[in-house]
Amino acid sequence: MTTHTAAQAPAIEVTDLRKSFEDNHVLQGIELTVPAGTVYALLGPNGAGKTTAVRILTTLISGDAGTATVLGHDVSTEPDAIRLRIGVTGQFSAIDELLTGRENLQLMADLNHLPRRQGRARAQELLERFDLVDAADRGAATYSGGMKRRLDLAMTLVSSPRLIFLDEPSTGLDPRSRRELWQIIRELINEGVTIFLTTQYLEEADELAHKVGVLDRGTLVAEGTPAELKRRVPGGRVDVTYVDPVALSTAAGAIAGATADLESLTLSVPHDGTLGALQELVGRLDSEAVASLEVHTPDLDDVFLALTGHRPQPAEERPENTTEAPMTEEVAR
Ligand SMILES: Nc1ncnc2c1ncn2[C@@H]1O[C@H](COP(=O)(O)OP(=O)(O)OP(=O)(O)O)[C@@H](O)[C@H]1O
Ligand SMILES: [Mg+2]
């Protein structure tokens, strides 16, 4: 038996966690450890069991087998101790739309038994931090999706928890709102808050997490740092679009492994995601002949295909035309 000091004890420790809903075996033996002060991202497609895992760890439902401890407390025997110490932002908003932003925050302060003055001060502080001062006294029903997400997270922080669960924090947000939310989450990370988040976006896990677990059909099919996972995933490529067909075919002959598409005048070059390889490629391009260049990083589909040999969901549940386009980073235009 090992002894831990408070600082060394993992914030979350899960062993052989199982959960079924009748014959739907959602979690089939999950093992994971989240050291205090780190960010763990559980990555998986719709229905993978992400919310189920969060609900068990936040003591909203119980697992069927296995153990889970959160901040040193067992989820099945000490749920109250856990609830007092964690913050949870669910996948679906906890905002009361009939109240203003400020009232929602004050309600959370009351639920957390903060003295009135202190609660009011905390609400104001969070409104400022989340850029909601102008909208503070407006009904939350009038907030945009991004504002609601920020208010939701602010409500989670009223009690200053040291461990927070974020279930798909940025799903449904536009790229700008997503980046703003990531910035807020990064500030929390810098303050040493431990974060367990779920996401469908490899990019989000990559931006925020120290460690990523890939959840597929009830088990963690891979775990590692974002860089480790991406190294295991082919599918990165650079698309170079040329000004005319002659320039395209000249380049196609000169760059090994490239595939040319005459219709779009685009040359696709496999890319391992490293800056060195990109610099080398760019160095070989003729700037007069190139119209634009795009770096495609592997997306969730690429990760699943590489790690599991199949797409995130059975084909019938995920028609081709609803598949998300791969994430791209525009380097130049
Ligand atoms: N209370 C419940 N009763 C019956 N089935 C449930 C219940 N909760 C979840 N499930 C089932 O468990 C599976 C996993 O659901 P879960 O909500 O954990 O997935 P998820 O990874 O969070 O998906 P999403 O990305 O869509 O939020 C699904 O098949 C779902 O239908
Ligand atoms: Mg979910």
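Mentor: Happy to! Start with α3 and α5: α3 passes α5 in a right-handed crossing. Keep in mind as we go that this is a predicted model.

Trainee: Which residues make the contact there?
Mentor: On the α3 side, Gly 101, Asn 104, Leu 105 and Met 108. From α5 come Leu 151, Ala 154 and Met 155.

Trainee: And how many of them are nonpolar, polar or charged?
Mentor: The contact of α3 with α5 has five nonpolar residues and two polar ones, with no charged residues.

Trainee: What about the geometry, at what angle do the axes of α3 and α5 cross?
Mentor: Roughly 25°, and the axes come within 9 Å. Angles under 35 degrees count as roughly parallel, so α3 and α5 are roughly parallel to each other. For orientation, α5 spans residues 145-157, while α3 covers residues 101-111.

Trainee: OK, switching to sheets. In what order do the strands of the open sheet come?
Mentor: The order is β2-β1-β4-β5, four strands with antiparallel pairing. At the edges are β2 (24-34) and β5 (73-74), each of which pairs on one side only.

Trainee: How many bridges are there between β1 and β2?
Mentor: Eight bridges, in the antiparallel sense, with β1 made of residues 12-21.

Trainee: Remind me, what do strands of a sheet pair through?
Mentor: Backbone hydrogen bonds, and the pairing can be either parallel or antiparallel.

Trainee: Which strands does helix α1 lie across?
Mentor: β1, β2 and β4 (65-70). Helix α1 takes in residues 50-57 and runs at about 120° to β1.

Trainee: Last topic, the hairpin. How many residues sit between β9 and β10?
Mentor: Two residues, and Arg 217 in the turn has a positive phi of about 50°. The strands themselves, β9 (residues 211-216) and β10 (residues 219-224), run antiparallel and are joined by five bridges.

Trainee: What stands opposite Gly 213?
Mentor: Glu 223 in β10.

Terms used
Residues numbered from 1 in each chain as written. Chains lettered and ligands numbered in written order. Predicted model: local features only at pLDDT ≥ 70, side-chain atom pairs only at ≥ 80, totals over all residues. Heavy atoms only, no water. Pairing = 2+ DSSP bridges. Contact = heavy atoms within 4.5 Å. Axes fitted to C-alpha atoms, helices over the stretch in contact; angles between N-to-C directions. Parallel < 35°, antiparallel > 145°, perpendicular 65-115°, else oblique. Left-handed = near helix turned anticlockwise from the far one by under 90°. Nonpolar A, V, L, I, M, F, W, Y, C, P; charged D, E, K, R; others polar.
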